[in-house]
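Please open the structure in your viewer and keep the selection tool at hand. The tour below goes from stop to stop, saying what to select next and what is there.

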Amino acid sequence: MMRPFRFADLGAVGALAALIAVPFPAALAKTASAQPAPAQPAPQAEPAAPAQVAPKLETFGRWSTLVDEVDTGEDLRKTCAASTAFIGAGGVPGTMTLVITNGDALPPDAYPSITIAVDNKGLPAGKSIAATFGDDKGRVAAKLHSDGAVHGRLSWTVDNQAKISLALLRAMRRASVLDVSFGDAPVGSISMDGFTKAYRSLGASCGFPTADVAP
């Protein structure tokens, strides 16, 4: 089975190239004067780059998770994300993504950021955009702000207030399909198939409790 490419492989390629280059200066030295060369100061060692491994990817229903780890030498930094794709109002593609790192404040003090990216230039932009999320069993009102593009799509992030974020995540766990609108403009209906397992996976990977959202 093919081994996944890792950033550490770049170091191995560089070391191999260095070994190949060694004989050429040695051969040239044989044709040069026998006079000894002046001593050169020893090069200073470069600080080691943070160790990286291939991100861990899993799929739960319509949701996918990614865990990216970087060993800084002092600690292990983890970025945990869960995302799903959807077709929004007017047939435009979009994504809904949760992101948190183990260096952030963690639940129950703060919850993963929630971002929606969608190819719909007719949606409102700016700060404090009113949005609703839910289904026929209940809705959650939240405020969003528009961000830069995500892979070429406009994006909006929910203002991360713990009480609102918790209510929204619980609505996502309860709903089979989450209806989203910004103001009076419909954004789309987003499948929550697999969300509960994806959220639990984020908690297990980034080290935070999930029982308040997905018991």
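Several stops use words for how much of a residue can be reached from outside: with a 1.4 Å probe and protein chains only, buried means under 20% relative accessible area, exposed means over 50%, and partly exposed is in between. The model is predicted, so local features need pLDDT of at least 70 and side-chain atom pairs count only at pLDDT 80 or more, while totals for chains, interfaces and linings use all residues. Residues are numbered from 1 along each chain as its sequence is written, and side-chain values use heavy atoms, with hydrogens and water left out.

**The whole chain**

Begin with a cartoon view, in which you can look for four helices and 11 strands; these are DSSP runs numbered from the N terminus, helices being H or I with at least four residues and strands being E with at least two. Of the 215 residues of the chain, 34% count as buried.

**The disulfide**

Next select Cys80 and Cys206, which are joined by a disulfide with an S to S distance of 2.1 Å; the term stands for a pair of cysteine sulfur atoms within 2.5 Å. Because Cys80 lies in strand E4 (residues 76-87) and Cys206 in helix H4 (residues 195-206), the pair ties together parts that are 126 residues apart in sequence. The link of Cys80 and Cys206 is right-handed, with 95 degrees about the S-S bond. Are these two cysteines buried or exposed? Cys80 is buried, at a relative accessible area of 0%, and Cys206 is buried as well, at 4%.

**Salt bridges**

Side chains of opposite charge can pair when their charged atoms come close. A salt bridge here is a side-chain nitrogen of Lys or Arg within 4 Å of a carboxyl oxygen of Asp or Glu, and by this rule the count comes to six.

Select Asp135 and Arg174, whose closest N and O atoms are 3.0 Å apart in a salt bridge. Asp135 lies in strand E7 and Arg174 in helix H3 (residues 162-174), so this pair ties together parts that are 39 residues apart in sequence. Asp135 counts as buried, at 10% relative accessibility, whereas Arg174 is partly exposed, at 35%.

Move on to Arg139 and Asp179, where the side chains meet in a salt bridge of 4.0 Å, N to O. Arg139 is in strand E8 (residues 138-150) and Asp179 in strand E10 (residues 177-182), 40 residues apart, and the pair thus links distant parts of the chain. Arg139 is exposed, with a relative accessible area of 52%, while Asp179 counts as partly exposed, at 28%.

Then select Asp119 and Arg153, a salt bridge whose closest N and O atoms are 3.7 Å apart. Since Asp119 lies in the loop between E6 and strand E7 (129-135) and Arg153 in strand E9 (residues 153-158), the pair ties together parts that are 34 residues apart in sequence.
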